[in-house]
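I'll jot down each thing I look up as I go.

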Amino acid sequence: MALRDLIFRATERVRRAVGARPRATDWKVWDLDPSDRERLSPSASTDCAKLFYAHHGRIIHKWIHYLDIYDRHLAPFRGTAVKILEIGVFKGGSLDLWRKFFGAEATIFGVDVNPECAALVTPPNQVRTGSQADPEFLRSVVHEMGTPDIILDDGSHRARHQRVSFDTLFPLLRDGGLYVIEDLHTSYEPGIFEGGYRRKGSAIERVKDMIDDMHAWYHTRATTTPARDHIYAIHVYDSIVILEKRTITRPAGIQIG
């Protein structure tokens, strides 16, 4: 075992002994032993978690609590001809996980600004090189792969990049599809991520606007997002949001009996 692993585990035991919360930022980059995995992932028995922990090969970086969330929202698409677009390829392991999770009929595309990522893929998965802040590039990928059912933004996490990607891709998402924005905690980080607590323009503030816009039937504030007419549900978790796209009509109440 590497010295850094020993130091990390020893530090975590001390933190656990004094009641401190485990350092979530380290969960995804350290080799955890089985007891750590069970402790940090209460839903380790889900199919997604099983596939994640059994994975060998290209590196996957995910927050552990995402695994249960993936299983809850993405499982209905398993075994279908689902089309998935993931922004951010990194080491390529995530695309491999999705292939195992969704099955042989899935169409899986990844995009990344780093040209080296183009080699980190096993067909039939595909990788295209370009910026998530380039609308023309994003539209060309969708034109090639077909209308996506699931879009996952795990790219640069920069506020303006997230905005461009959403504004470009959400209209191209299939009705009934899911738009996922990961690592929303970066919305609170200034500097490279262009974030900050309640800083306008960040992804987390955009999500808050969507909640207001979803209820635009009941107030006079102008909408700034497609939420009123095209977002059926907003599932907000620690650092990740799942947006369900569906054409919405004005809500109506009914009384029976």
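Predicted model: local features only at pLDDT ≥ 70, side-chain atom pairs only at ≥ 80, totals over all residues.

Next I checked confidence. The chain's mean pLDDT is 88, with 83% of residues at 70 or more. Residues 24–30 fall below 50, though I still find 15 contacts for that stretch beyond near neighbours in sequence.

Back to H9. I listed its buried residues: Ala203, Ile204, Glu205, Arg206, Val207, Met210 and Asp213. Their cover includes helix H8 (159–169), helix H10 (227–230), strand E6 (231–237) and strand E7.

Then the sheet. It's open, has 7 strands in the order E3-E2-E1-E4-E5-E7-E6, and the pairing is mixed. Strand E3 (126–129) and E6 sit at the edges, each pairing on one side only. From one strand to the next, I get an average twist of 15°.

I zoomed in on strand E1 (residues 83–87) and E4: they run parallel, joined by 4 bridges. Ile84 stands opposite Ile150 of E4. Helix H5 packs on the sheet against E4, E5, E6 and E7, its direction about 5° from that of E7. Helix H6 packs on it too, touching E1, E2, E3 and E4, and makes about 165° with E2.

Last, the largest nonpolar core, 32 residues. Tyr70, Leu74, Ile84, Trp98, Phe102 and Ile150 touch the most other members. A second, separate core has 26 residues, among them Leu85, Leu138, Leu184 and Val241. Ile150's contacts include Leu74, Phe77, Ile84, Phe102 and Leu178.

Key:
Residues numbered from 1 in each chain as written. Heavy atoms only, no water. Core = buried A, V, L, I, M, F, W, Y, C linked by side-chain atoms within 4.5 Å. Buried < 20%, exposed > 50% of the residue type's maximum accessible area, 1.4 Å probe, protein only. Contact = heavy atoms within 4.5 Å. Helix = DSSP H or I, 4+ residues; strand = E, 2+ residues; numbered from the N terminus. pLDDT = per-residue confidence, 0-100. Pairing = 2+ DSSP bridges. Axes fitted to C-alpha atoms, helices over the stretch in contact; angles between N-to-C directions. Lists of a residue's contacts leave out its neighbours within four places in sequence.
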